[in-house]
Amino acid sequence: MDLSVIVLLSLCGFLRGQETTDPISLDDCCKDGKERGQESQDCTSLPLISESTTCRIAQEQCCTAVLEDNICTSGINVAKDQGSCDALLSSSTCETKTAKTCCECCLLGRAAQERGLSCDLTLAVWYQCGLVSRACCVDRSPNSDGKPAPELPKAQGDAQNTEDQCKAAGCSQSCFNGSCACLEGYKLKADAKTCEDINECLLGSHHCRGGERCINTLGSYRCQRVISCGTGYELTDNNKCEDIDECETGTHNCGAELECQNTAGSFRCRPRVQCGVGFIQDALGSCIDINECLSVTGPCPSGHMCFNTVGSYTCQRHSVTCGRGYHLNADGSRCVDIDECAGPDNSCDGHGCINLVGSYRCECRAGFIFNSISRSCEDINECRNYPGRLCAHKCENILGSYKCSCTMGFKLAADGRNCDDLNECESSPCSQECANVYGSYQCYCRRGYQLSDADGITCEDIDECALPTGGHICSYRCHNTPGSFLCTCPAIGYTLAPNGRSCQDIDECVTSTHSCSESESCFNIQGGYKCLNFDCPANYRRSGDTRCERLPCNQTSECLALPVRITYYHLTFPTKIPIPTNIFRMGPSNSALGDDIEVAIVDGNQGGYFAAKRVEQGGVLVVQKPIALPQDFEISLEMKLRRFGHLSVYLFKIRLFVTPDELSHISE
């Protein structure tokens, strides 16, 4: 009686990619990859000979296989020639690790031969290690056919000097004994070649004192005071407050007739010219005549009248008294007008002077006004008299006029009064991009960078992998790069998807990159594959790829009790699937009235993860207990069918491969 078994593919379906018709076969793709591997080309960036994804995978994997075989053979040669693998300890590259592994596996085989042990290792080593060990044990050669290994180039580590090793290393900064090294303030990146800056401020390895803020720089850092120095002082490069010499920098406001004298935190304005006898100097440095006649004692003797003159005085007898603006003539007989405008230093101090009888009047220049009380020309403060009407931004009064200036971010227009916006971006103040705004500018960064909080102009790389969402950017591993990031997948069993973030399983069975023998069948699982085979027990014959039929019985009870048919099935699903879940269904291909079906697990359920349940027209295998860790099971499921008084037994051998539910649980 024929039976059909329905496998639930919704959980762990066996996916097979459908290739489009391509004139280039997989053998051609693999051959091209092997040739490029013999030339030691980069297997991850080979020129494609076909647009087929399967062909690309075949190229890369065949190329990688050739490279790894060559590296492994060099390690075996070191073991055979030197009897030690110490020569392979000077580097930590992947190639050196592979050669070292093959070297040590060969030493295991040689040790087994010397001790008279079996060449078939009972140790739990990986598959290729077992092959190398057995080859070195049996044939003293890495070849299984007994032929001597092909002569390969010896490792160049001992023959090359340090200078050649450093050239080959391709270090970004410095090299020591063939290994890359970095300058102070830098550290070696994961590629063991490139150096990156150490952020002492972030790591707390700086020596800034209290009240100072750490600012990271390339290869070092600097400390900056948090509190400013105050007016009249500036912060120096050694982080100290130093007095500003306003006189030297020209930031004082002393007039043209005054001299600037620097003081601690400020400055003083002192007169340039000392006044002569008979004059006194005012706060602005001007020389004012001293009226000696107003002194308490009086300069003239008794009986004389004192008359003040510019810079001096005269004494005359009381015989004739002259009023203001007059003085006695030479013989003292009469009063004559005093010409205040006579001489270069007239009373109007350089302005136009008009002498009047008994007086005078000044004709002041533009920017000055005549004070009738002090009888002098005084400067007009245009900025105070006309606020906001002369200059667009700032107005500064100067002697006889005024001067306009602009605030930061602006420059004085051609009319000398208005202010035009200054385009600071023309001087490239930003490390990346600059946007001019009215009266200022704004720095901004390209994608993958952020503006530094320290100076507001430097763009710093964003570590996308360290962000709160960094764990969800890549499905497996995230590696930060300047301005971006890079996702990687486990080295074996996975490849990066076209989106650059997800990892997709490599079907080694489809790409023919498995190591199964001709007598074994390849079964793909998540992140790897399994090589499967089975042999029919006694009294059974093989009737298909997965089925054994019982040989005809001689109506003996012992033979009739055996299963009519033994069928082998292979299933795979991830851990932590919902509980309960039906993963396998069985039943007769057709039903008859009065059928009595019994299902039971007869072997392989020691952990109690599974259960067999009777359903309409058959039975199902159910996952009834959570499976937290990846593991393999081999379940023997028995179905008994009683029909018309006849009992038939059917046995199902189900191999279950439980894989990790997340890539993060995979260890490399």
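Is Glu-196 buried, partly exposed or exposed in this predicted model? Glu-196 is partly exposed, because its relative accessible area is 32%, a value between the 20% and 50% cut-offs.

**Figure 1. Close-up of the salt bridge between Glu-196 and Lys-187.** The side chains of these two residues pair with an N to O distance of 4.0 Å. Glu-196 has a relative accessible area of 32% and is therefore partly exposed. The contact is one of eleven salt bridges found in a search of the whole structure.

**Figure 2. Close-up of the salt bridge between Glu-396 and Lys-403.** The closest N and O atoms of this pair are 3.8 Å apart. Glu-396, at a relative accessible area of 40%, falls in the partly exposed class. Lys-403 is also partly exposed, and its relative accessible area is 42%.

**Figure 3. Close-up of the salt bridge between Asp-595 and Arg-643.** Here the closest N and O atoms lie 2.5 Å apart. Asp-595 counts as buried because its relative accessibility of 18% is under the 20% cut-off. Arg-643 is buried as well, at 9% relative accessibility. Side chains of opposite charge can pair when their charged atoms come close.

**Figure 4. Close-up of the disulfide between Cys-29 and Cys-55.** The two sulfur atoms are 1.9 Å apart. The torsion about the S-S bond is about -105°, and the disulfide is therefore left-handed. The bond links distant parts of the chain: Cys-29 lies in helix α2 (residues 26-38) and Cys-55 in helix α3 (residues 53-82), 26 residues apart. Both ends are buried, Cys-29 with a relative accessible area of 0% and Cys-55 with one of 2%. This disulfide is one of the 33 that the structure holds.

**Figure 5. Close-up of the disulfide between Cys-275 and Cys-287.** The S to S distance is 1.8 Å. A torsion of about -95° about the S-S bond makes this disulfide left-handed. Cys-275 is located in the loop between β11 (266-271) and β12 (279-281), while Cys-287 is in strand β13 (residues 287-289). The two cysteines are twelve residues apart, and the pair links distant parts of the chain. Cys-287 is partly exposed, because its relative accessibility is 39%, which is between the 20% and 50% cut-offs.

**Figure 6. Close-up of the disulfide between Cys-553 and Cys-559.** The sulfur atoms of this pair are separated by 1.7 Å. The disulfide is left-handed, because the torsion about its S-S bond is about -65°. Cys-553 and Cys-559 are both buried.

How values were computed: Residues numbered from 1 in each chain as written. Predicted model: local features only at pLDDT ≥ 70, side-chain atom pairs only at ≥ 80, totals over all residues. Heavy atoms only, no water. Disulfide = S-S within 2.5 Å. Helix = DSSP H or I, 4+ residues; strand = E, 2+ residues; numbered from the N terminus. Buried < 20%, exposed > 50% of the residue type's maximum accessible area, 1.4 Å probe, protein only.
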